[in-house]
Amino acid sequence: MWQTLSAPIDLYCERTGPELWSEPVNALTNLAFIAAGLWGVREVRRLRTGTFAEVLAWWVVAIGIGSTIFHTFATRGTVWADVLPIAGFTLAYTLFNLRRFLGIQWGKAIAIFIAFYLVAGLLTLAVPDWLRQASNGTTGYLPPFLALAFFGILVAASGNRAGWYNLAGSAIFVVSIICRMVDPLVCAGFPLGTHFLWHILNGLMLGVLLAAAARFGAPKNMGVREYGSKAVGEIG
C-alpha cells in the first residue's frame, strides 16, 4: 500500500520529473490561496462576521497548503492533500449559502444540501469518459461550479447581494477551468503550461467568496451590519 501511495505521478505540463522542485511555478502560485485565506480571516475579524466565516477563510489557507504539498511531493498519496480541502470547502460554503445567505433552518438546509449534491453527483457520473479525458479530469469540478451558479441565483433572487459574489465566482471559475483543461495541450509550445493560472484565478475566486462571507454572512444574533442602504444580517 505504501508503495502505491508513494508512487510519483505527473499530471501537469510543468513537471519534468519526480524531483521535489519540478513544479516551481505551480507550487509558488498556491500563495494565491494562502493570501486569499489570510485576507479573508482579516476581513471576517474586522467585520465580526463570526466563527463559521472565519473557518471558511482558514479552510482556503488549508487549500493552498494542501496544493503546495501535492505540487512538490507529487504522489498518489499527496493528491489527497490537494483534493480533500477543496471538496470540504465546497460543501461547507454550500451550507454557508443555505444558512447565512438564505437564512434557512438547519433541517431544511440539510435536506436541500443532500438533494443538490445527489443531483450534482449523478450529473457528474453521467459525463462520458471521452469528455473526462478531453477535459483533463476537470469535469470532476462540475459540482462546485453548479453550486456557485445555482445558489448564486437563489441568493441573488432573495435580495441578498452575496448572490452576485457567487455568480462572479462561478464566472471566474469557468475561466480557471479552461486553463486547467488546456494545460496538457500547450506543452509542446509552452512547457510551463497553464495550470498556474488555475491557481491564481481560483485564489481570486475564493477571495470573492470570502468577501461575500465577511460582508453578508453575519448571523442574526450577532447584530445587523449596514452596507450602504442595505442591512445585512443572516440567521446563524
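Helix α5 gives the most to the lining of the largest pocket, with seven residues. Helices here are DSSP runs of H or I with at least four residues, numbered from the N terminus. This is a predicted model, where local features need pLDDT of at least 70, side-chain atom pairs count only at pLDDT 80 or more, and totals for chains, interfaces and linings use all residues. Residues are numbered from 1 along each chain as its sequence is written, and side-chain values use heavy atoms, with hydrogens and water left out.

So what's the pocket like? Its volume is about 380 Å³. On a 1 Å grid over the protein atoms alone, a pocket is an open set of points where a 1.4 Å probe fits, with protein on both sides within 12 Å along at least five of seven lines; lining residues have an atom within 4 Å of a point. There are 23 of those, and D82, V83, I86, Y141 and R180 sit closest to the centre. Two or more lining residues come from each of α4 (51–72), α5 (79–101), α8 (142–157) and α10 (195–216).

Now look at α4 against α5. Their axes (lines fitted to C-alpha atoms over the stretch in contact, with angles from 0 to 180 degrees between N-to-C directions) come within 8 Å and cross at roughly 160°. That makes α4 roughly antiparallel to α5, a label for angles over 145 degrees. Contact means heavy atoms within 4.5 Å, and the α4 side includes F52, W59 and F70, meeting α5 residues including V79, D82, I86 and R100.

How values were computed:
Grid points are joined across faces, edges and corners, and a volume is the space filled by probe spheres set on the points. Angles under 35 degrees count as roughly parallel, over 145 as roughly antiparallel, 65 to 115 as roughly perpendicular and the rest as oblique.
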